[in-house]
Amino acid sequence: MSDKMKEVPGVYLRDSELKAPDAIVFKSRPNAKYVWTAGIAYSGYLEAFKNGKIIGRRCRECERIIVPPRMFCEQCFRSTDEWVYVKDTGTINTFSISYLDADANRIEEPILVAVIDLDGASEGIGILHIVGNCAPDDLHIGMKLRAVWKPENERIGCVTDIKFFEPLKED
Amino acid sequence: MTIKRRVAVIGAGITSFRRRLKETGKELSYHAAKMALDSAEMNLSEIESVVMGTAPDAFDGIHMKSENLLDGAGGTGRPYTRPFVGGGTGVFSPIAGWWHVASGLFDTCLVVAEEKMSPVQPHPQTAFRTIWDPITTRPLNPNLVWIFALEMNRYMKTYNIPKEHIAEVAVKNKGNALDHPSAQLAAKITVDDVLNSETMVWPVQRLDISPPSDGAAALILCSEEVARKYTDAPVWIDGVGWSLDSSYWTNRDLVFPQYVAEAAKMAYKMAKIDDPPKQVSFAEPYDPFTYKELHHMEGLLLAKKGEAPKMTAEGITQRDGKLPICPSGGLLGVGNPIAAAGLMKCCEAFWQLRNEAGKRQVDGAETGVCQAWGDLMQVGTVTVFRR
């Protein structure tokens, strides 16, 4: 704000004023629903989930194995070359502990979230997923995890076919 | 690359930033635009083009909201454009205004940025639910704060940063905002207040986050020839830059915002800056979260990798420090009406470089850098201002 202008326009409104009993509420729910195609790369990805596996694509130019897969390499800008299975184990690249749900409501039981760099994929290639069977305090960057799959007859070809990742006990 | 013309800023305007404002988006846009015109002693008839910066339509609940805002922004009957790069839009809109004038296509451009986040119920977070990839990410029911918490944790771990150093950003910015008449969350707080505030998504706590806000801001851009007619003290846009990183964010380096560095290098090259910490007098990096100010100081090459937290703890980034950062009070203090918050930073640069910032004035301000950030934490937008 310039020192020439001491006041700024804008009238503060309380939440209670906005939602006063005599406020006019107009409800309309547009009949707009979305149906997405998974596309070529993600269809292969989801098909593998159904089979209890994680699949990526290899680019022979940069030699990366990338997950989630894409039919093109965004770095080399050419078509990727082949499907490659990676492992369903990995390492925590980073994690967080969420006390908020998707609508920012407070929740008691925190959701554990991590970016998991997958074994068999190129360095730094990770996916987002949930962590389970783990106390929040035990979570750490560098922790080894493995996927816990839903039983085969419950898998539908969705990223949630992995229920969560859990700590990999080293024996 | 040949830049045809130098571009000046000759006016700025801003509204109050609040959780809820009674004014509509049009009315807020009008107030900011009118104040900017008045401060330049200009009439709308002298404006040849208008750029409107405003973030996702989902906040206002009005699809194609730039058309809805048109009349309030002075855009009626004029070439009118809405550039959009998510949270980076506030600093990107003056970049778009810059090319309107630098190209020689127009002599004047009014840049307006507006955001009204209060209409969306129960919380603006809900509007973010639809930004995720519907196949790989949405089935996991993510909250947008997750990705910032993930990035913050990785940054802290890589450089072994104490949370106390990060908390200093909230203390500084909310304190600086005490001197900003638009401020929503100005306060005198302590590091302990931040560390004891509610954990939202660890390591992000309540006082690490900027609020949802309503508000608007505006700038008047013009050619050198026009500027000389109106003022003896124009501020110059001497460098602009922007860059986006991959949308496959779980495949990216979450420690260093390379895209901000690319944007900064582009802007610095144009402004002939080769030693940013020495040649920049103050900066307004985007600070929707405490750690983002630090992350962005490093991306802007104002701090070495991992050193921004220490510089902050040592007081170097205070308004009277060697390198003042967010002298306005930033998003953490003034508020975060997304696009308007980015443009608020550019307004601050204008007032600082005109020596009109009052109690917020930084001594010897010659060169200011503003930056915004957004989308799936993948865009950097940078503007260099000089007196």
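Of the 171 residues of chain A, 32% count as buried, a residue being buried if 20 or more other C-beta atoms, placed from the backbone, lie within 10 Å of its own, exposed if 12 or fewer do, and partly exposed in between. The model is predicted, and local features therefore need pLDDT of at least 70, side-chain atom pairs count only at pLDDT 80 or more, and totals for chains, interfaces and linings use all residues. Residues are numbered from 1 along each chain as its sequence is written, while chains are lettered from A and ligands numbered from 1 in the order in which they are written.

Chain A contains 2 helices and 10 strands; helices (H or I, at least four residues) and strands (E, at least two) are DSSP runs, numbered from the N terminus. Along the sequence, the pattern of chain A is α-α-β-β-β-β-β-β-β-β-β-β. The radius of gyration of chain A is 23 Å, well over the 16 Å given by the globule rule for 171 residues, so chain A is more spread out than a compact globule. This radius is taken over C-alpha atoms, and the globule rule is 2.2 Å times the number of residues to the power 0.38. The C-alpha trace of chain A spans about 60 × 45 × 40 Å along its principal axes. Of the contacts in chain A with a separation of 6 or more, 50% are between residues 24 or more positions apart; two residues are in contact if their C-beta atoms, placed from the backbone, lie within 7 Å.

In chain B, helix α1 (residues 25–40) has 16 residues and reaches 23 Å from its first C-alpha to its last, close to the 22 Å expected at 1.5 Å a residue. The expected span is 1.5 Å times one less than the number of residues in the helix. Helix α1(B) is mostly covered, with 12 of its 16 residues buried; among them are B:Leu28, B:Tyr30, B:Met35 and B:Leu37. The elements covering these buried residues include β1 (7–14), β4 (108–116) and α8 (224–230) of chain B. Just after α1(B), B:Glu41 takes a positive phi of about 55°.

Two packed helices are described by the angle between their axes and the distance between the axes. Helix α6 (residues 163–176) and helix α11 (residues 290–299) of chain B pack at an angle of about 100°, with their axes 8 Å apart. Axes are lines fitted to C-alpha atoms, for helices over the stretch in contact, and angles run from 0 to 180 degrees between N-to-C directions. Helices α6(B) and α11(B) are therefore roughly perpendicular to each other, a term for angles of 65 to 115 degrees, whereas those under 35 count as roughly parallel, those over 145 as roughly antiparallel and the rest as oblique. In this contact, B:Ile166, B:Ala167, B:Val169 and B:Ala170 of α6(B) meet B:Thr290, B:Tyr291, B:Glu293 and B:Leu294 of α11(B).

Most residues other than glycine have a negative phi, and most peptide bonds are trans. In chain B, a cis peptide bond with omega of about 0° joins B:Gln121 and B:Pro122, and another, with omega of about 5°, joins B:Trp202 and B:Pro203. B:Lys272 has a positive phi near 55° and counts as exposed, with 10 C-beta neighbours inside 10 Å. B:Cys326 also has a positive phi near 55°, but counts as buried, with 27 C-beta neighbours inside 10 Å.
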